[in-house]
Structures are given as C-alpha cells and as structure tokens.
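Dear colleague,

I am handing over the structure below, together with a short account of what was found in it. Please read the notes with the structure open beside you.

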Amino acid sequence: MLQLPNTRYSGLALATLLGALSPTTSASEMFAKDSPWMLGDWGGTRSELLEKGYDFTLGYTGEMGSNLHGGYSHDRAARYSDQFTFGVNMDLQKILGWQDTEFQLTVTERHGDNISNDRINDPRVGGFTSAQEVWGRGETWRLTQMWIKQKYFDGTLDVKFGRFGEGEDFNSFPCDFQNLAFCGSQVGNWVGGIWYNWPVSQWALRVRYNLNDALYAQVGVFEQNPSNLESGNGFKLSGSGTQGAVMPIELVWSPRVNGLKGEYRAGYYYSNAKAQDVLKDSTGAPAAISGAAYRSSSSKHGLWLGAQQQVTALASDQSRGLSLFANATVHDKKTNAIDNYVQAGVVYKGPFDARAKDDIGFALARVHVNPGYRKNARLINQANGLDDYDNPGFLPVQDTEYSAELYYGIHLADWLTVRPNLQYIRHPGGVSRVDDALIGGLKIQSSF
C-alpha cells in the first residue's frame, strides 16, 4: 500500500504551484511570472530597501521521493522533505560607509522524511547518496550563515569571516539535481564527519586572492566541531567541543572558451584533528579480531577536482545551450569509508523556443568504498560467527554504489522552478544484495 508523504507543508507547495499559474499584469505584484519574488515588491518597499543596501531572501525547497521499483523494501511509499530559508544581505558600504563590505545572515529550517532511509537503503548500514538531498542534519532551525566579507586593494584581496560551511566557497557546485550525488560540495558528502555543508555552520576564515579576472586562489580555516551537527546546537556560538580545524586550499579558473563560460576547480583539504582508522588497532592487527580499540591517526586529508563548461549557445541567447560538468574526490584510505568518488553529467538550458528558461539535466555517479572498510565489515561478521545476510545482526558489506538522475526543470515563473525527476540507484549503499532501485522525484525551488 502506498504511504502518503508528510503533509506539513504540502499545502504550501500546492499553493505555490497554483500561484505560478495565476495571470498578473505587473512584475511588482504578487505571483507575477516575471518577478523574482512570489510575494512581489511589497508595494515598492522591497526595491527601496534594496537601494538602501538590504537584500532579503525568503526561500523554499521541497522534495518528494517515491520508490517505484526495487530497493531494500518493496513496500511502496512516498516521502516529503523541505527547507525554509530566511536571510538578509547587507551592503555595509551603503549602510555604514564601509568600503567594499557586506554582511550575510541566514537562518534555515528543515523538516520531513527521506525515502532513502527506510525503502532504498539497508538500515543496518544506511546509504551514501540520498534521493532527497534537502533532507539531513536534523529537523531543526539553524544559524546557517553569519559572516562579514570585505575586499581590499580594488577587490584583489577578499576576506570573509564568521559562521558558514566549507561548501559555500570550496568545492562549490550547483544544486539543481535532487540526488545528493549531483548536488553541492561533494567533499562534504563523503567526509561529512569533518566537512560540514549547508545548513550547518561553524566559525571560519576564508582568504581569496584574485590573480586576474579569470583566476583566483583561496585558503580557509574551519572549526572542526562535531557538536555543531547536533539538532540542539543549531544556534551554538561557543567553541566547546572543538577537536581541531579543517584547512582547505583551492585554485579556481573561470575562462571563456569561444565566448562561453567555464569554471575549473582543484583543491586539497587537511584536518589536524585525530581520526580513527577503519581497520587496524595500535599494533597493526585488525581491531575486529583483536577486540582492541581502533588506532587513531593524527590527521585526515583528501583532494578534489571539478569542471563546468558551456559548450554550445544560441546566437540569439547565450544563456541557452549545452553545458558539461564533472567532479571527482579522493580521500584518506586509512581513516575514511569512501576512498574515491566520480561524477559527470550534462545540462541543456532552453531546449525549446516556447520554453526558453526550462532545463534538462542528466548525470551519473560512482561512489567507491575503501577496501579496508569492507574488510573490517567482513571481519566483524567473522568475529560474531555470522554469514547469513538475512540475520538481523549481520553487517552488510559495502562496495560500490552507482547513481543516475534525469530531470526536466519547468520554469513556471522567475520565482518558481519545478523539477520532476527519475533516479536509478544500482547497489544502494554499496550493498549488492539490495535490489537496484528506481525512484520518482519532484523538486520545488521557490523564492518568496
């Protein structure tokens, strides 16, 4: 029997969709299709505030997922998860006269359920990707951004300090796809215990140096504090619980190839906090057999590569055309469950003249489990005398997970895009005994 998704905000999602279909005559009015905001210009107040340096953000992202076929549980269900975003960006040059300075404050709230948790993945080990990327890090309110940024030497040097996540500046990637393997900073998806993506924030400093108009280098220092992940610490500002720091460095090149935009990233991260070995104890023997504690390493590290490049465009509209992208990450085999990840895909914007702002996306990803992590699972089963996958105490051995997603983005208004999608996951959670899964999804992105 099909279970209906959580409906806490389903009425809002329906109202948003219906509002996009309502005819209006002025871009400043509510629900006007050519307005950037669903609620319009607040009678001109919003534009007046923007001129004075206050730019308000009221955003909503909702995602639904349903297991159409396969997965760990074949019992059909649908799940809904969402996120509200409340923010303001302040141009402090206009407000206070501070040259080239801005301040950002953002609060988020997440709620809902994820179809991956109880239908797609084996709950004994969970999964790697998520069919609903907006789910995660707790159903709670969080202070997601609180930072100040200032530029020096005519913009050559750019310094940002406050509370924010690594993926805001490092290993950044758009989030139009619904599957987590194709959304946002991928490093944070595979070393999430130390690299905290949106909506989690921590104290951080980022320094960027613009070498020229198309090339910059940046370095950061981020507080590594696992207590920031806890649902009850969404507004925690103290440094209690800090274990060390994550220090990323990145080079970003944004050329124009035949006049078309591109972005290429290469980076490295280093954590100086202690990290636990995935297999061995302090003597070098498998900890699952010896019964001793897993040994610790003095650090953890990894690297990433990313590329996005538009390759075709229409003469009448440069924003329409085909773009290619790819991302890869490599991680410390001693201390991390995932040792490498690769992803690639295509996006075509403006596929039809009548739908010039729509887009189509398709992507593939491979998540690979560290051999030492797999060996540890086998040894745990051996130590417990278990070899039957169906035994509740058996620890499934994880290897490689493959994901694919195809979406069509319907641009209903400048403030609303709806993206129905199909996802296919082979070996969910890297467990070959779990049936390949087909998932139907729907992603709603709106700005109030």
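Where is Asn-336 found? Asn-336 sits in the loop between strand 14 (321-331) and strand 15 (338-349), where strands (E, at least two residues) and helices (H or I, at least four) are DSSP runs numbered from the N terminus. This is a predicted model, in which local features need pLDDT of at least 70 and side-chain atom pairs count only at pLDDT 80 or more, while totals for chains, interfaces and linings use all residues. Residues are numbered from 1 along each chain as its sequence is written, and side-chain values use heavy atoms, with hydrogens and water left out.

Asn-336 is buried, with a relative accessible area of 5% (buried means under 20%, exposed over 50%, partly exposed in between, with a 1.4 Å probe and protein chains only). Its side chain reaches the backbone oxygen of Trp-190 at 3.0 Å, and a polar contact of 3.1 Å joins the side chains of Asn-336 and Lys-300 (a polar contact is a pair of N or O atoms within 3.5 Å; within protein, one must be able to donate a hydrogen and the other to accept it, and residues adjacent in sequence count only if both atoms are side-chain atoms).

Turning to helix 7 (residues 371-383), a side-chain oxygen of Asn-370 at the start of this helix reaches to within 3.1 Å of the backbone nitrogen of Gly-372. Gly-372 is one of the buried residues of helix 7, which also include Arg-374 and Leu-379, and helix 7 is followed by Gly-385, whose phi is positive, near 65°.

Lastly, Thr-417 lies in strand 18 (residues 416-426) and counts as buried at 13% relative accessibility.

With kind regards
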